[in-house]
Amino acid sequence: MTDTTAAPAFRGASLTEPDARTRRRNAAERRFRLLGVGAVAIGLVALVILLGSILNNGLSAFRQTYITFPITLDAAVLDKQGNRNPEEMKKVTTIGYGKLMQQALLDALDEQGIDKGDLTDKEIMALLSKEAPADLRDAVLADPSVVGQTIPVNAFATSRLDGYLKGRVTMESATRDANISPEQLQLADRMEAAGLIEKRLNWGFLTRPDASELRPEAAGLGVAILGSAYMMIVVLVLSLPIGVAASIYLEELAPKNRWTDLIEINIANLAAVPSIVFGILALALFINTWGLPQSAPLVGGLVLTLMTLPTIIIATRASLKAVPPSIRDAALGVGASKMQAIFHHVLPLAMPGILTGTILGLARALGESAPLLLIGMVAFVRDFPGAPPQGLLDPASALPVQVYTWTQRADPAFVERASGAIIVLLVFLLTMNALAIILRRRFERRW
Amino acid sequence: MSNTHILSAFDRDLEGIQAMVMRMGGLVEAAILDAAEALETRDEELAQRVRAGDKAIDELETQIHAECARVIAIRAPAASDLRTVLTVMKIAANLERCGDYAKNLAKRSMVLAQMTALPGATGSVRRMAKQVTLLLKDALDAYIARDAAMAADVRQRDQDVDQMYNALFRELLTHMMEDPRNITAAMHLHFIAKNIERVGDHATAVAEQVIYLVTGAIPGDARPKVDSTTAGPAA
Amino acid sequence: MNDMRLTERVVTDTAKMTARGVQVHYGTNHALKDVDVDILDKTVTAFIGPSGCGKSTFLRCLNRMNDTVASARVTGKIEMDGQDIYDPRVDPVQLRAKVGMVFQKPNPFPKSIYDNVAYGPKIHGLARGKAELDEIVETSLKKAALWNEVKDRLSAPGTGLSGGQQQRLCIARAVATSPEVLLMDEPCSALDPIATAQVEELIDELRSQFSVVIVTHSMQQAARVSQRTAFFHLGYLVEYGETGKIFTNPDDPRTESYITGRIG
């Protein structure tokens with residue numbers, strides 16, 4: 001630089017040496033960057049803690065303690081007529097099966113030479129779940145030919161024993177527990193050593209219905225998963241066509257005036273309405289006025305449809321808007337009608353966006369519990385709903401509601417169950433989100 | 001309509017070219033007047049200067065041509081700009097021819113300086129030259145002023161030059177008939193007069209370019225011609 | 001002005017479309033004021049003028065593309081072969097098959113090259129079978145001077161072509177419905193000079209079959225391709241005439257200012 005070209009006074013003489021102003025600016029930039037990294041780190045830590053605690057609490061729900069022993073199904077007890085007719089056999093209650101099981105368990109202990117200590121037969125039988133005789137009865141009624149044979153039986157252990165094997169219950173806590181004693185646990189230790197007791201993968205957690213307060217080991221998510229699935233079908237079938245049709249009309253065909261503006265604002269507001277309000281609406285309208293049954297997946301689906309519609313409409317309109325107007329011009333320019341332009345060109349291009357929005361809306365509906373509480377899906381439902389369409393009116397539960405119900409229960413075993421249910425819910429949600437991403441990637445087209 | 005382009009460099013280009021044409025016009029006028037004076041005063045030195053000066057005129061024409069080509073290439077002139085460039089090229093060519101005539105006049109004046117003078121003839125030539133340069137000057141002024149009326153007037157006044165040429169033609173004829181020894185000088189003078197008359201025609205052409213520049217149309221009607229010499233020797 | 005015209009410049013003087021007293025309002029904005037134009041048959045007509053002067057608006061009146069703009073109101077009379085195209089009985093869909101349009105940005109459908117060209121004939125039922133459709137596609141692509149470049153990859157996506165090829169594909173698509181008038185809205189503004197030259201050459205060839213109306217911001221392009229030029233300014237049609245006349249000696253000082261690049 002020559003002397004004749006005067007540099008402005010505020011600029012430093014050297015390029016390699018930043019002046020005070022530049023240094024301050026760079027420092028501010030660094031601070032802001034650190035702040036951002038910090039914020040992300042806090043979020044990540046929170047996520048890790050959340051997932052960690054859920055996985056820590058919930059993964060054990062997928063494994064269950066079983067007591068395995070042979071049982072002779074005495075025909076004289078179970079089938080007095082001897083004709084193997086299930087209708088006749090139903091007269092034998094779970095108490096009858098319970099007696100059989102108690103005898104078989106005691107025999108098995110004797111056979112293995114396990115010291116029963118000072119425990120009474122009843123106390124030994126208490127190691128088994130109260131659900132075990134009922135399961136055995138169901139199995140026999142399903143297949144009467146096994147009567148008279150000796151079969152191995154895998155019976156649920158009581159939740160306290162399950163908790164002992166999972167570390168939830170200790171000898172010390174057992175001394176203060178009315179449901180189990182340290183002596184029973186010592187027997188269990190001996191039975192485990194003999195191979196009578198072991199922890200195994202429990203598919204029942206996903207397939208069995210809910211169980212009562214006293215039998216947490218038997219509780220499963222079957223009804224809840226089925227109920228949620230039914231609701232999702234209802235939501236998809238109703239909200240996708242309605243939402244897409246409404247969006248197309250509003251975006252492409254409707255005149256732009258005060259009425260459409262009003263509708264637009266209301267849709268945006270509906271998306272922000274608290275979900276419990278939808279529940280109240282459903283209770284008042286669907287159940288009280290229309291007389292639809294409580295706890296029915298159809299009603300749940302209708303509520304969730306109302307909730308999902310604004311989301312789908314907003315997503316669909318956004319993706320319709322994202323289709324460049326030049327494509328519409330091109331179609332109209334060669335003489336396509338408005339409908340042809342929309343259905344031949346605009347909609348296919350908007351489809352990935354619409355599907356993504358729909359799936360995300362469904363995912364949100366899947367995780368919703370508040371409105372379902374109001375329409376009675378919180379009820380204790382043991383029976384599986386039938387096949388659709390009639391099944392849509394049968395009482396059912398839903399995954400998030402099941403989580404809610406289980407956390408309300410007193411037995412600590414249900415904490416594990418609730419966490420397990422959350423894991424199942426999260427897996428479904430992640431699967432749906434992944435599906436949304438895959439759809440978008442796959443069908444996204446450049447124009 | 002504003003007179004300045006949005007692109008001011010375009011204005012500067014056009015102004016530059018037109019200034020060159022004006023300078024060329026000035027040189028040509030001076031050359032014609034100087035040559036006529038050299039003829040009358042038998043000033044061989046002046047005649048020599050005129051002959052040498054033609055080189056500058058030729059160079060200017062080349063330069064104008066190059067500038068016009070450049071403007072057409074990079075500015076893509078349209079409408080009046082296009083007409084400006086086209087007329088500049090034509091006017092430059094006309095002026096260049098006029099420069100050549102002045103040079104030829106100077107050359108012949110050097111030959112004539114060696115001969116006996118024909119009384120009165122050189123004065124007529126000088127008056128004619130004066131009239132023609134006036135025409136040329138007016139045509140160029142009309143160009144600068146974009147004045148079609150003035151240009152039309154120049155076209156009309158070319159008749160005067162033609163008449164002066166006719167008169168001189170008869171005068172020279174008389175000289176030649178009087179004394180055959182005058183023939184060489186008279187022939188030279190006749191060529192000089194014819195050339196000056198041609199300069200008048202070029203001035204008319206310039207005036208026509210002015211009309212085209214202003215109106216967009218070249219005047220089609222036949223210009224009044226008073227050149228009776230082409231009809232053969234006067235009876 | 002000059003009596004000796006080159007034969008190439010000779011144009012027919014039968015009007016294909018006539019516009020009389022056309023006014024366009026966009027809401028409260030008076031976009032086009034009292035425009036009278038005759039679009040001549042088998043002639044390239046260029047509309048020039050500064051941005052917002054109404055030239056594109058008028059172009060879009062000619063195939064009723066303004067119908068798609070809710071706030072647009074068109075009055076006056078536009079006739080095509082003596083039929084009022086704004087007659088309420090006229091279906092704009094049918095009109096647009098006769099008056100094709102090519103847009104500023106090449107906008108092929110995100111489909112195959114074949115489907116792009118075949119779309120118009122398909123929806124208008126111009127072909128009675130696959131063979132006939134194939135033929136229409138081929139002749140259209142040939143007319144658009146694109147056939148040799150794409151004949152081996154008709155199933156490739158149209159969006160994969162270069163900009164100039166895409167624009168020629170759009171022209172082929174417009175040509176495929178056998179229009180009588182082809183409207184082009186700044187068809188070369190997104191193209192490089194070579195592609196522009198190819199499209200211009202194409203426009204000149206298409207002139208033998210139908211009228212072409214082209215809106216352009218490039219005055220040089222208007223001068224190169226058109227036989228007639230209309231200059232729009234502030235919603236008015238200022239001057240309309242033979243292109244050579246407009247570019248050498250326009251009558252209106254506003255035209256002169258615009259085409260010579262003066263501050264008007």
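I call a residue buried if 20 or more other C-beta atoms lie within 10 Å of its own, exposed if 12 or fewer, and partly exposed in between, with C-beta atoms placed from the backbone. By that count, 44% of the 235 residues of chain B are buried.

Housekeeping: this is a predicted model, where local features need pLDDT of at least 70, side-chain atom pairs count only at pLDDT 80 or more, and totals for chains, interfaces and linings use all residues. Residues are numbered from 1 along each chain as its sequence is written, and chains are lettered from A in the order in which they are written.

Chain B next. I found 6 helices and 0 strands (DSSP runs numbered from the N terminus: helices are H or I, at least four residues; strands are E, at least two). Chain B has a radius of gyration of 19 Å, close to the 18 Å of the globule rule for 235 residues, so it is as compact as a globular protein of that length (taken over C-alpha atoms; the rule is 2.2 Å times the number of residues to the power 0.38). The C-alpha trace of chain B spans about 65 × 40 × 20 Å along its principal axes.

Then I looked at where chain B meets chain C. Chain B puts in 16 residues and chain C 16 residues (contact means C-beta atoms, placed from the backbone, within 7 Å). On the chain B side, helix α3 (residues 79-112) gives the largest share, 5 residues.

Last, helix α3 of chain C (residues 113-124). Its buried residues include C:Ile113, C:Val117 and C:Tyr119. Among what covers the buried residues of α3(C) is α4 (130-143) of chain C. C:Gly125 follows α3(C) and has a positive phi, near 60°.

Notes:
Two residues are in contact if their C-beta atoms, placed from the backbone, lie within 7 Å.
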